[in-house]
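Here is a short note for a colleague who is opening this structure for the first time. Please read the points beside the sequence and the model.

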Amino acid sequence: MSLRLGHLFPLAGRVGEGVNTSMAENLETWDLWYPGPGATGMPFARSRINARDAAERLLVHAAPQKLQVAVRDAAGKLLASGDRLERHQPGPMSYLLRRGATITLEDGWPTDRDIGLVVILPGGEAGILKSWWNADDRKEWRWQLEFYNQNRS
């Protein structure tokens with residue numbers, strides 16, 4: 001069973017597989033910004049995720065038409081970014097792809113190979129995609145996320 005940490009804590013590794021499940025040293029903050037409204041835009045989501053879990057590909061639910069992304073390490077150093085990212089197709093999910101210091105956005109619908117990916121929700125809660133189904137005409141879909149949090153001093 002894969003247990004991971006959510007919004008305020010890093011997403012941790014798998015329990016029972018020899019992976020450290022404590023607060024991970026590879027914590028990253030993913031800032032997703034909607035550049036359209038107001039004078040300077042507005043925040044869409046901010047999530048702390050273990051770099052190991054985010055890897056090179058993650059999902060964003062209900063992303064706005066345009067998006068800016070900045071990924072920073074625990075000390076605040078900019079690790080990767082994407083500017084002027086745009087959605088070109090409707091749908092409930094978008095992919096954020098990380099290649100080195102560059103973040104790109106890709107339209108798409110999850111498939112079985114995406115089970116286990118991190119999903120960032122509006123506001124910043126992050127969970128793990130556990131299941132996905134959509135009708136052939138893409139007019140309905142069903143999905144499940146797993147969230148895990150802890151509050152230990």
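1. From the N terminus on, the order of elements in the protein chain is β-β-α-β-β-β-β-β-β-β-β. Helices (H or I, at least four residues) and strands (E, at least two) are DSSP runs, numbered from the N terminus.

2. The model is predicted: local features need pLDDT of at least 70, side-chain atom pairs count only at pLDDT 80 or more, and totals for chains, interfaces and linings use all residues. Residues are numbered from 1 along each chain as its sequence is written, and side-chain values use heavy atoms, with hydrogens and water left out.

3. The protein chain has 153 residues, and 44% of them count as buried. Buried means under 20% relative accessible area, exposed over 50%, and partly exposed in between (1.4 Å probe, protein chains only). The accessible surface of the protein chain is about 8600 Å², with 49% of it belonging to carbon and sulfur atoms; such areas come from the Shrake-Rupley method with a 1.4 Å probe, and for residues only the protein chains shown count as cover.

4. Of the contacts (heavy atoms within 4.5 Å) in the protein chain between residues at least 6 apart in sequence, 49% join residues at least 24 apart.

5. How many aromatic pairs does the structure hold? There are three. Rings of Phe, Tyr and Trp (its six-membered ring) pair if their centres lie within 6.5 Å; planes under 30 degrees apart count as stacked, over 60 as edge-to-face and the rest as tilted. The Trp-109 and Trp-132 pair is edge-to-face, because the ring centres are 6.3 Å apart and the planes stand at 65°. This pair links distant parts of the chain, 23 residues apart: Trp-109 lies in the loop between strand 7 (102-107) and strand 8 (118-120), and Trp-132 in strand 9 (residues 126-134).

6. Trp-132 also pairs with Trp-143, in a tilted arrangement with 6.0 Å centre to centre and 50° between the planes. Here strand 9, with Trp-132, is linked to strand 10 (residues 141-146), with Trp-143, eleven residues apart. Trp-132 has a relative accessible area of 10%, so it is buried, while Trp-143, at 23%, is partly exposed. Trp-109, Trp-132, Trp-141 and Trp-143 form one aromatic cluster.

7. Two arginines have their charged ends over rings: Arg-57 over Tyr-95, 3.9 Å from the ring centre, and Arg-142 over Trp-133, 5.2 Å from the ring centre. A charge sits over a ring if NZ of Lys or CZ of Arg is within 6 Å of the ring centre and within 35 degrees of the ring normal.
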